[in-house]
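Here is a friendly walk through one model, heading by heading. Keep the sequence and the 3D view open as you read.

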Amino acid sequence: MKQNNENFSQIIPQWYLTQGRNGLPWRKKISPYRVWISEIMLQQTQVKTVIPFFNKFIKKFPNLKSISKASEDEILALWSGLGFYRRAKNIYKTKEIIKSEFKNRFPKKFEELILLPGIGRSTAGAIMSIAYNKPYPILDANVKRVISRYKNINLEQKDAIKSLWSLSDIYTPSENVFEYTQGIMDLGATICHLRSPMCSECPLNLSCESAFKEFDVNKRNKRQKLTKRINFTLAHSNQSFLLFKKNEQSFWESLWIPYDNQYQDFDRIFKEPRKTKIQNLFHPLSHIDLEITVKIFDYDKPFNIDTNLEHQWINKSQINDFGLPKPIKAIIDTYV
Ligand code: SF4
């Protein structure tokens, strides 16, 4: 066992130095702020999707000072299209806490990090190990997969997660923790794939208890997703669109969307339009598929409306300053 731990903890940093993904944008100019933003973006999203969003975000907000005055809408606008918008809301809340309780300096202690919105044990561990080079374990999806295979732990078994945290803690070395943490993430992402792990190229293949085994991962993927139908009404006039801020705690929370026809004040808001067009869309989310019908109402000019719903006429030229769901933004982008 000890021999294996030493192997595992030493092999991974060595492998990282020659085979790791050193070119990723958040691995340059390392700072706690940049590690935090990248780790939040990487929760539930693949690296290749995150890269352009990270670059855009960092261009606008390169550090804590620059983000300190940002509104929630500005942060959500940069998140448009990345999905799981709760993460952007948590970035807003966290930077507000850092400003008010930490004099706008990034917290340095694990115990402080883990109390911040959106930062769980693994994200706090990643910030501690990558930004501060301190030996804290992580357990993201890639690391879970590598360690569970390495020790042949069935993820369905009771206490599997507890065992994996304990192993992750044991394997995290006291030296070279920066290289180790990034290395184990990279090994999971580039070699120990969910389907068809590339065991012949894996530096752990001599001691891994699952090396060259066949993995049946189809069972979990057969789960059927639910479909939700949504009917929107989108008022349009002179390149401006009437949008409403979604305040319910569900997908797209806090984003700007067209009028949802399930709200109660349709007749008070919409007058007879000059022209009507209907657009149907299918938009899959991770847990649910959306079938969306958008009725687009054209008017000669924008009008005031009588409603308690938070709303705004937004000109097309300013649409990128607001957080909009990807399919809604796509409709507006193509609408002339
Ligand atoms: S040997 Fe194969 S199963 Fe084991 S960690 Fe490496 S890639 Fe994964």
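In which sense do E2 and strand E3 pair, and over how many bridges? E2 and E3 (residues 256–257) pair in the antiparallel sense, over 2 bridges.

## Before you start

This is a predicted model, in which local features need pLDDT of at least 70 and side-chain atom pairs count only at pLDDT 80 or more, while totals for chains, interfaces and linings use all residues. Residues are numbered from 1 along each chain as its sequence is written.

Helices (H or I, at least four residues) and strands (E, at least two residues) are DSSP runs, numbered from the N terminus. Two strands pair if DSSP finds at least two bridges between them.

Strand E1 (residues 226–237) is another antiparallel partner of E2 (residues 240–245), with 2 bridges. Phe-241 in E2 is the bridge partner of His-236, and Ser-240 in E2 stands opposite Ser-237. The hairpin of E1 and E2 has 2 residues between the strands, and Asn-238 there takes a positive phi near 45°.

## Strand E1 and its partners

Now follow E1 to strand E6 (residues 288–298): the two pair in the parallel sense over 11 bridges. One place to look is Lys-228, whose bridge partner in E6 is Leu-290.

E1 pairs with strand E4 (residues 259–260) too, in the antiparallel sense over 2 bridges. There you can find Phe-232 opposite Asp-260 in E4.

## Two domains

The chain is divided into domain 1 (2–218) and domain 2 (226–334), with bounds that come from an automatic or database domain assignment. Taken over C-alpha atoms, the domain centres are separated by 36 Å.

Where do the domains touch? In all, 10 residues of domain 1 are in contact with 11 residues of domain 2; contact requires C-beta atoms, placed from the backbone, to lie within 7 Å. On the domain 1 side, H5 and H6 are the elements that give two or more residues, and H5 supplies the largest share, 5 residues. That side divides into 4 nonpolar, 2 polar and 4 charged residues. In this count, Ala, Val, Leu, Ile, Met, Phe, Trp, Tyr, Cys and Pro are nonpolar, Asp, Glu, Lys and Arg are charged, and the others, Gly among them, are polar.

## Helices H5 and H6

The axes of helix H5 (residues 72–79) and helix H6 (residues 86–101) come within 9 Å and cross at roughly 145°. Axes are lines fitted to C-alpha atoms, for helices over the stretch in contact, and angles run from 0 to 180 degrees between N-to-C directions.

Which residues meet here? Glu-72, Ile-75, Leu-76 and Trp-79 in H5 meet Ala-88, Lys-89, Ile-91 and Tyr-92 in H6. The residues of this contact divide into 6 nonpolar, no polar and 2 charged.

## Around the ligand

Finally, turn to the ligand, which 14 residues surround. A residue counts as near if its C-beta atom, placed from the backbone, lies within 6 Å. The closest are Cys-192, Pro-197, Cys-199, Cys-202 and Cys-208. The shell divides into 11 nonpolar, 2 polar and 1 charged residues.

Note on methods: Two residues are in contact if their C-beta atoms, placed from the backbone, lie within 7 Å.
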